Amino acid sequence: MSARNEAQEPEVIIYTDGACKGNPGPGGWGVLMISGDHRRELHGGETMTTNNRMELTAAIEALRALKRHCRVRLFTDSSYVKQGIETWIHGWKRNGWRTADKKPVKNADLWQTLDELAATHRVEWRWVKGHAGDPGNERADELSNIGIPK
């Protein structure tokens with residue numbers, strides 16, 4: 001990509017989080033997106049899900065909301081999401097969506113969607129400690145709790 005095209009790519013900072021009341025149980029996901037002076041908040045949920053599914057869904061919905069190719073710094077407090085998308089996914093894809101011990105990958109449907117969406121942007125995955133006072137992570141956490149169906 002040329003330096004000119006790179007300069008034209010919008011830069012978006014994204015914070016994502018998932019929450020679950022019971023695991024499995026009702027769950028929610030939340031997203032805070034920041035680009036320049038613009039902020040956008042998203043949230044949603046499912047009546048019966050897991051925390052890991054909500055963490056993945058938050059990242060998926062954040063990337064799905066982008067309308068064009070962007071440079072993205074995506075912050076998650078989920079080691080599962082960060083390690084999965086940066087490390088584990090390569091082996092899963094090589095093994096036909098099976099783990100090293102030949103079991104089906106849990107949440108393969110969401111991992112496949114996240115992989116496809118991430119490929120359409122330049123995503124830098126960042127881990128942030130949850131519940132440690134980071135304002136973006138704290139807001140994503142609030143939004144994920146708002147998303148939990150009552």
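Trainee: Which residues does T57 touch, not counting residues up to four places away in sequence?

Mentor: Please bear in mind that this is a predicted model. With that exclusion of residues up to four places away, T57 touches W29 and L110. T57 itself is placed in helix 2, residues 51–65.

Trainee: Is T57 buried or exposed?

Mentor: Burial is read from the relative accessible area, and under 20% counts as buried. T57 has 9% relative accessibility and therefore counts as buried. Its side chain also reaches the backbone oxygen of R53, at 2.7 Å.

Trainee: Which other residues of helix 2 are buried?

Mentor: The buried residues of helix 2 include M54, L56, I60 and L63. The length of the helix can be checked as well: at 1.5 Å a residue, its 15 residues should span 21 Å, and the end C-alpha atoms are 21 Å apart, which agrees.

Trainee: How is a sheet to be read, and in what order do the strands stand here?

Mentor: Strands of a sheet pair through backbone hydrogen bonds, in either a parallel or an antiparallel manner. Here five strands form an open sheet in the order 3-2-1-4-5, with mixed pairing. Strand 3 and strand 5 (122–127) stand at the edges with a single partner strand each, so one side of each has no neighbour in the sheet. From one strand to the next, the twist averages 20 degrees.

Trainee: How many bridges join strand 4 to strand 5, and do these strands run parallel or antiparallel?

Mentor: Six bridges join strand 4 to strand 5, and the two run parallel. Within this pairing, R73 has E124 in strand 5 as its bridge partner. Helix 2 packs on the sheet, touching strand 1, strand 2, strand 3, strand 4 and strand 5, and its direction makes about 155 degrees with that of strand 1. Helix 3 also packs on the sheet, where it touches strand 4 and strand 5, and its direction makes about 140 degrees with that of strand 5.

Trainee: How many bridges join strand 2 to strand 3?

Mentor: There are 10 bridges between strand 2 (residues 25–35) and strand 3 (residues 38–49), which run antiparallel. L32 stands opposite E41 in strand 3. The two strands form a hairpin with two residues between them, and G36 in the turn has a positive phi of about 60 degrees.

Trainee: What does V72 touch, not counting residues up to four places away in sequence?

Mentor: V72 is placed in strand 4. Its contacts, with the residues up to four places away left out, include V12, I14, L63 and V123. V72 counts as buried because its relative accessibility is 3%.

Trainee: How many aromatic pairs does the structure hold?

Mentor: It holds six aromatic pairs. In one of them, the rings of Y15 and F75 have centres 4.7 Å apart and planes at 15 degrees, so this pair is stacked. Y15 lies in strand 1 (residues 11–20) and F75 in strand 4 (residues 71–76), so the pair ties together parts 60 residues apart in sequence. Both Y15 and F75 are buried. Elsewhere, Y80, W88, W92, W97 and W111 form one aromatic cluster.

Trainee: Where is N107 placed?

Mentor: N107 is in the loop between helix 3 and helix 4. Its phi is likewise positive, near 65 degrees, and N107 is buried, with a relative accessible area of 16%.

Trainee: Which residues does a cis peptide bond join?

Mentor: A cis peptide bond joins N23 and P24, with omega at about 15 degrees. P24 is placed in the loop between strand 1 and strand 2.

Methods: Residues are numbered from 1 along each chain as its sequence is written. This is a predicted model: local features need pLDDT of at least 70, side-chain atom pairs count only at pLDDT 80 or more; totals for chains, interfaces and linings use all residues. Side-chain values use heavy atoms; hydrogens and water are left out. Rings of Phe, Tyr and Trp (its six-membered ring) pair if their centres lie within 6.5 Å; planes under 30 degrees apart count as stacked, over 60 as edge-to-face and the rest as tilted. Helices (H or I, at least four residues) and strands (E, at least two) are DSSP runs, numbered from the N terminus. Buried means under 20% relative accessible area, exposed over 50%, partly exposed in between (1.4 Å probe, protein chains only). A polar contact is a pair of N or O atoms within 3.5 Å; within protein, one must be able to donate a hydrogen and the other to accept it, and residues adjacent in sequence count only if both atoms are side-chain atoms. Contact means heavy atoms within 4.5 Å. Two strands pair if DSSP finds at least two bridges between them. Axes are lines fitted to C-alpha atoms, for helices over the stretch in contact, and angles run from 0 to 180 degrees between N-to-C directions. The expected span of a helix is 1.5 Å times one less than its number of residues.
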